[in-house]
Amino acid sequence: MTKRIFRSICLVSISVFLVFAVLFTAFLYNYFSDSQQAQLKIQTNLVAQGASHEGMDYFKGLDNSDYRITWIDKDGTVLFDSQSDLSGMENHMEREEVKEAIAYGSGESARYSKTLLERSLYTAQRLNDGTVIRLSTSQNSLLRLFLGIVWPVSFICVAAALLSLVLASRLSKKIVKPLNELNLDEPLNNEGYDELSPLLRRISIQQKQIRQQSAELLQKQREFDAVTTGMTEGIVLLNSKRIILSINSAAMRLLGTDDSCVGKFILSVNRSTELQELLLKAGGGKYAESVMELAGGKYQIDVSPIISNERVSGMVLLMLDVTEKEKIEQMRREFTANVSHELKTPLHTISGSAELMCNGMVKPEDTEKFAARIYRESQRMIGLVEDIIKLSHLDEGAENMEWEKVDLYALAEETVNRLLPSAASAGIKLALTGEKAEVNAVPQLLKEIVYNLCDNGIKYNRENGSVKVTVQNEGDHVLLRVSDTGVGIPPEHQERIFERFYRVDKSHSKEIGGTGLGLSIVKHAVKLLNGSLKLESQPGKGTCITVIFPRA
Ligand code: ADP
């Protein structure tokens with residue numbers, strides 16, 4: 001601004017000076033020309049009077065070098081010329097001033113020399129006898145005048161320019177100083193130019209609005225942070241160029257970053273192609289979702305474009321933990337496949353045996369054997385279906401089941417008694433020891449637990465082995481322990497035997513009527529009854545499963 005003011009002042013002062021110089025010179029030139037012409041006219045008049053009285057004698061001895069005097073006859077012939085030889089002079093009849101003088105009594109004119117550097121002024125007057133007296137004088141032309149004053153004018157110009165430079169520099173600084181000293185933090189507390197008052201008032205109003213808006217924005221940001229920080233779902237806000245504007249702590253954890261990622265390109269934090277594809281789709285204004293593996297879990301990533309003025313101005317990334325959902329989904333798929341498989345085998349056996357019998361291909365003495373196979377397989381199927389029903393019931397949370405105070409010892413005694421015959425037929429000693437121990441539970445579920453554990457103890461035992469069931473109180477807990485002297489479970493299987501359909505020795509389990517669901521039912525039931533399980537087993541020595549319930 002200082003420079004512009006400085007330049008303007010310089011330009012204006014130099015232009016004004018130049019225009020003034022030109023106009024003034026022209027005016028002066030005009031003025032002096034007019035007065036010279038008037039002077040010439042007076043002189044002409046005097047010479048005319050002298051010539052009319054004295055004739056040619058008037059010119060004799062006339063000492064005059066300032067003017068050229070010419071006496072012209074009526075026909076234009078030059079009778080006398082004070083500066084030229086008459087013999088070489090042409091007829092003057094056509095000269096403008098002479099023509100005018102003959103016609104009107106007096107005349108005047110001005111003519112430039114060939115170089116345009118000189119101008120001649122002429123005045124002529126007619127005498128009574130018709131002859132004409134003409135006086136002329138030369139004058140510097142305007143051009144010569146200009147050429148003559150060019151150096152002084154240039155000098156003055158330079159001096160004026162220098163002066164205007166100094167003045168302009170000072171002036172511009174003086175003009176700009178109050179502007180530079182404006183305190184824009186407090187626009188209304190400034191003393192400067194009155195002309196700036198509307199501007200300063202406007203700035204003050206706008207500053208107030210900006211302060212208010214930033215306070216509101218800050219408040220909203222805090223609210224947003226407070227809401228998102230506590231969320232288990234990850235949230236990331238991106239602008240249209242996929243730069244992270246905001247990220248909550250869950251998203252930072254999932255993407256393995258910290259808050260230094262704000263302001264960075266999202267793909268510098270996570271380079272997966274799935275994420276790139278999602279962002280590309282959302283960048284095109286479409287909602288996109290996909291399941292990705294993040295921080296060891298499965299997460300559903302939803303990317304929603306933010307559209308304003310028909311343009312994608314940003315995106316919101318939401319990360320939902322679907323690990324459990326995926327696991328359940330996977331388990332359900334596996335369970336369905338297992339159920340179909342488990343049912344298929346006995347069904348095939350039943351169908352095959354029945355077909356043979358139908359076609360009369362079974363010898364009468366074998367009929368009983370085939371019928372027994374059909375019976376065994378259908379029993380297995382019934383057992384399997386019953387177990388599946390129990391499990392699905394437990395999956396639903398054992399709703400509508402009646403909770404009551406139960407003596408676990410009495411309940412175990414009843415179950416043990418039920419199993420005594422099968423234990424005896426397997427040559428296993430089944431015994432119950434312990435004391436009265438009350439728990440708050442669903443009796444049906446407790447029975448399932450005791451039954452399955454004892455049944456397994458009998459099934460996976462050795463000849464002349466034993467199964468010991470113990471019920472006892474221990475502090476705030478009630479312990480149910482079922483230990484056997486059976487085959488035991490190898491360590492690598494111990495984790496998995498509670499899974500549905502998992503069996504250490506599949507064919508042996510099937511042979512002895514196992515469904516692979518017994519321990520799953522136990523695990524599920526214990527969980528529903530708020531208990532916990534402990535497994536200790538040594539292959540070849542035996543297994544001990546302890547269930548711990550809260551005491552009633
Ligand atoms: P199953 O109907 O096959 O018995 P379970 O779910 O009750 O199914 O048991 C799963 C598997 O765990 C069994 O197939 C067996 O291999 C093993 N198992 C369970 N209890 C015992 C035990 N007391 N001793 C040895 N192995 C056992």
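**Surface patches and the ligand site**

Patch members need over 30% relative accessible area and no salt bridge, with nonpolar side chains joined within 5 Å and like charges within 9 Å; a salt bridge is a Lys or Arg side-chain nitrogen within 4 Å of an Asp or Glu carboxyl oxygen. Y31 sits in helix α1 (residues 2-54), helices being DSSP runs (H or I) of at least four residues. The model is a predicted one, where local features need pLDDT of at least 70 and side-chain atom pairs pLDDT 80 or more, while totals for chains, interfaces and linings use all residues. Numbering runs from 1 along each chain, and side-chain values use heavy atoms, leaving out hydrogens and water.

There is also a positive patch, built from K363, K369, R373 and R376, with charges placed at NZ of Lys and CZ of Arg. R376 belongs to helix α8 (residues 364-395).

Ligand oxygens make polar contacts (N or O pairs within 3.5 Å): one is 2.8 Å from a side-chain N or O of N456, one is 3.1 Å from a side-chain N or O of K459, and one is 3.1 Å from a polar backbone atom of V504. Taken alone, the ligand exposes 530 Å², and the protein buries 97% of that.

Note on methods:
Accessible areas come from the Shrake-Rupley method with a 1.4 Å probe; for residues, only the protein chains shown count as cover. Lys and Arg count as positive and Asp and Glu as negative; His and the chain ends are not counted. Helices (H or I, at least four residues) and strands (E, at least two) are DSSP runs, numbered from the N terminus. A polar contact is a pair of N or O atoms within 3.5 Å; within protein, one must be able to donate a hydrogen and the other to accept it, and residues adjacent in sequence count only if both atoms are side-chain atoms.
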